[in-house]
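The following paragraphs lead the reader through a structure of protein chains. Please keep the sequence and the three-dimensional view at hand while reading.

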Amino acid sequence: MIGTVSCGSSLVIENVDYSQPLESVLTPNSENVVHDQRYAIKFSVSPILEAEGVESVNEIRLIRNAAGYYFVTASGFQNVYVFAPGEGELELENSIDFLEDNLQEPAFNQRSSYIELVDLSDGETYRLDQDGIIEEETE
Amino acid sequence: MNTIIKNISVFIVLSLFTVFSAIAQQSDYQIQQDFQTEYTELLERIEQAGTSEALAEIEDAINELETNYNEHSDIINAALYPETFENVFTTLRNNHAEAVENVSTIEELNEEILSLESELDSFRSRLERMNQETADLQQKIRESTQNEARQAALIRQYRENIEERNLFVSNFLGDLLSKYQSMDRAQRQEITEAAGRLEENPVDLIQNVINEYITMMEQAEGLETPDFVSMKAQHGYFVEVWNQIGEQLTTTFMPDNPEQARANVNQLLSNWQESISTNLWASLQTAFSENDIQLNEFSSSEEFNEAIHNYIDSSYEASVDANSEDDYQVYRNFNSFWNDTVKTEWGEMFIEGDILTQAQIAAVDMKLDNWRDEATPKSNLTFILLIVSVAVIIGLIVLLLTRKSDSGAKS
């Protein structure tokens with residue numbers, strides 16, 4: 001259900017779903033820039049690599065949740081980085097730590113109310129939102 | 001002990017569950033990637049499929065792909081947008097149906113080519129067997145010069161062998177004629193595309209058969225006029241068939257240069273005709289000569305007809321002038337050879353082989369009737385009987401007059 005609130009000269013559209021149905025798997029170019037032509041975003045991954053303490057990476061996995069946050073990670077990363085889009089920038093909203101064992105083969109899946117992170121190497125799954133790992137309710 | 005086994009079993013079950021759970025965790029991205037890979041592979045397999053069996057397997061694979069990925073159709077739709085899961089299978093099935101049609105056409109064509117190849121092989125091997133028989137007979141004829149009866153029998157067999165060969169080749173030509181006359185342009189085009197696989201195509205075969213006929217004519221041992229007349233008729237049939245399907249055959253089997261192929265066959269047909277003619281006219285001249293009929297030299301049907309008329313005309317003139325018994329003998333000799341051999345034995349072949357027409361034979365018959373009238377020796381008996389009759393009449397008159405004068409004197 002989409003509703004609109006008109007207030008003076010501003011027009012706000014609510015309940016926007018930004019969710020990207022499938023993660024994008026992007027290969028950085030020689031300048032560590034990735035370009036997702038399908039979802040129209042292009043940025044440098046150098047700050048992320050620096051944060052991870054690595055010089056390069058083969059592939060970056062990127063997905064956007066319904067709230068519009070971008071989730072970024074890659075094989076061997078310790079973190080999933082959550083970015084909020086700004087005017088010509090991506091601002092780090094959260095950095096979700098996986099300290100026990102680095103993510104070996106991470107993959108994002110879009111689920112109805114969260115982002116599913118799967119480590120394909122061991123089948124471990126996590127439910128994520130922009131605030132971090134969502135604890136599963138015990139039945 | 002039982003407790004240990006039970007614990008081990010539980011451990012195994014749990015371990016397996018853990019492993020399967022790990023395997024069951026999938027990446028949506030990977031699912032759509034796998035789907036696209038399998039889809040692309042299927043498209044390639046369809047494009048490369050060359051047999052009905054391969055396409056049947058592909059059809060199963062399409063159905064399996066659809067079943068396997070049906071539960072992920074939402075992910076795939078998202079990945080393929082604006083293409084859809086449903087459209088992917090429509091495309092696959094349309095391409096598959098098109099490939100089935102193409103392969104079916106190709107398979108039919110392959111069968112046709114195989115059948116043609118088999119027919120040509122069978123024709124070629126049968127012809128080679130006949131050629132071998134002919135060569136053996138020729139060899140035997142050469143070796144049997146001491147035994148005339150045996151040589152005659154061999155020559156008869158040799159001639160029969162050639163007749164059989166002619167009939168066999170004629171049947172083959174008839175088959176070719178009916179097959180290629182009924183083909184449309186599209187069918188011929190399809191055969192052209194596959195004809196390169198034939199070791200020997202019908203045009204090659206026709207050229208080889210004509211070459212063999214030419215060789216046969218060059219080694220015309222033991223053959224006589226009827227054999228050459230029969231060969232002339234065979235040549236005529238060859239030309240007739242070639243005129244009807246030569247263009248189709250050369251454009252189908254010699255697509256690179258059909259005009260040259262046609263010119264080659266036409267040249268061979270011309271050489272064959274020349275070799276037949278040379279033998280035919282020489283054998284006819286010999287046949288007439290062996291029957292004491294010396295015709296002027298001839299080398300065509302027209303010249304042969306003219307030579308016969310010249311012979312009759314000059315003999316007729318001689319009969320008119322001399323009306324001798326010798327002239328009559330010349331007539332009887334010619335009349336006998338003409339009626340008993342030329343007309344009775346060769347007449348039909350001469351007409352079929354365009355050596356003499358029915359009208360030309362009839363014209364010779366009419367001339368022969370006139371010649372007979374003039375050649376028949378005129379008898380003196382009538383004249384003698386007339387003289388005797390006149391003398392008897394005069395004698396009777398004299399006798400009557402003498403008796404009359406005697407009785408007048410007595411009275």
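**The strands of chain A**

Chain A contains 1 helix and 13 strands. The model described here is a predicted one. Read from the N terminus, the elements of chain A follow the order β-β-β-β-β-α-β-β-β-β-β-β-β-β. Of the 139 residues in chain A, 40% are buried. Among the contacts in chain A with a separation of 6 or more, 41% are between residues 24 or more positions apart.

Part of this chain is organised as an open sheet of 5 strands, in the order β3-β6-β7-β8-β9, with antiparallel pairing. The edges are held by β3 (24-26) and β9 (89-97) of chain A; each has a single partner strand, so one side of each has no neighbour in the sheet. On average, neighbouring strands of this sheet are turned by 25° against each other, direction ignored.

With strand β6 (residues 60-64) of chain A, β7(A) pairs in the antiparallel sense over 4 bridges. One position can be followed across this pairing: A:Arg61 has A:Thr73 in β7(A) as its bridge partner. The two strands β6(A) and β7(A) form a hairpin with 5 residues between them, and A:Gly68 in the turn has a positive phi of about 100°.

Strand β7(A) also pairs with strand β8 (residues 79-86) of chain A, in the antiparallel sense and over 3 bridges. Here the bridge partner of A:Val72 is A:Tyr81 in β8(A). The hairpin of β7(A) and β8(A) has 5 residues between the strands, and A:Gly76 takes a positive phi near 90°.

A positive phi is also found at A:Ala40, where the value is about 55° although this residue is not a glycine. A:Ala40 lies in the loop between β4 (33-36) and β5 (41-44) of chain A. Its relative accessibility is 64%, and A:Ala40 therefore counts as exposed.

**The cores and helices of chain B**

In soluble globular proteins, nonpolar side chains tend to be buried together. The largest nonpolar core of this model has 77 residues, and those with the most contacts inside it are B:Phe238, B:Trp272, B:Phe304 and B:Phe334. Helix α6 (residues 148-181) of chain B gives the most to this core, contributing 11 residues. Leaving out residues up to four places away in sequence, B:Phe334 touches B:Phe288, B:Ile293, B:Ile308, B:Tyr311, B:Ile312, B:Leu368 and B:Trp371.

Helix α10 (residues 258-290) of chain B holds B:Val265. Because its relative accessibility is 0%, B:Val265 counts as buried. Apart from neighbours within four places in sequence, B:Val265 is in contact with B:Val203, B:Ile206, B:Gln207, B:Ile210 and B:Trp242. For one of these residues, B:Gln207, the C-alpha atom is 6.1 Å in space from that of B:Val265, while the two residues are 58 residues apart in sequence.

How do two helices of chain B meet? The axes of helix α2 (residues 28-48) and helix α4 (residues 73-80) of chain B come within 9 Å and cross at roughly 75°. The helices α2(B) and α4(B) are therefore roughly perpendicular to each other. From α2(B), the residues B:Asp28, B:Ile31, B:Gln32, B:Phe35 and B:Gln36 meet B:Ile75, B:Ile76, B:Ala79 and B:Leu80 of α4(B). Sorted by class, this contact has 6 nonpolar, 2 polar and 1 charged residues.

**Two loop positions in chain B**

The loop between α4 and α5 (85-143) of chain B contains B:Pro82. A cis peptide bond joins B:Tyr81 to B:Pro82, with omega at about 10°. The loop between α10 and α11 (301-322) of chain B contains B:Asp292. Although B:Asp292 is not a glycine, its phi is positive, at about 60°. With a relative accessible area of 59%, B:Asp292 is exposed.

Note on methods
Residues numbered from 1 in each chain as written. Chains lettered and ligands numbered in written order. Predicted model: local features only at pLDDT ≥ 70, side-chain atom pairs only at ≥ 80, totals over all residues. Heavy atoms only, no water. Core = buried A, V, L, I, M, F, W, Y, C linked by side-chain atoms within 4.5 Å. Buried < 20%, exposed > 50% of the residue type's maximum accessible area, 1.4 Å probe, protein only. Contact = heavy atoms within 4.5 Å. Axes fitted to C-alpha atoms, helices over the stretch in contact; angles between N-to-C directions. Parallel < 35°, antiparallel > 145°, perpendicular 65-115°, else oblique. Nonpolar A, V, L, I, M, F, W, Y, C, P; charged D, E, K, R; others polar. Pairing = 2+ DSSP bridges.
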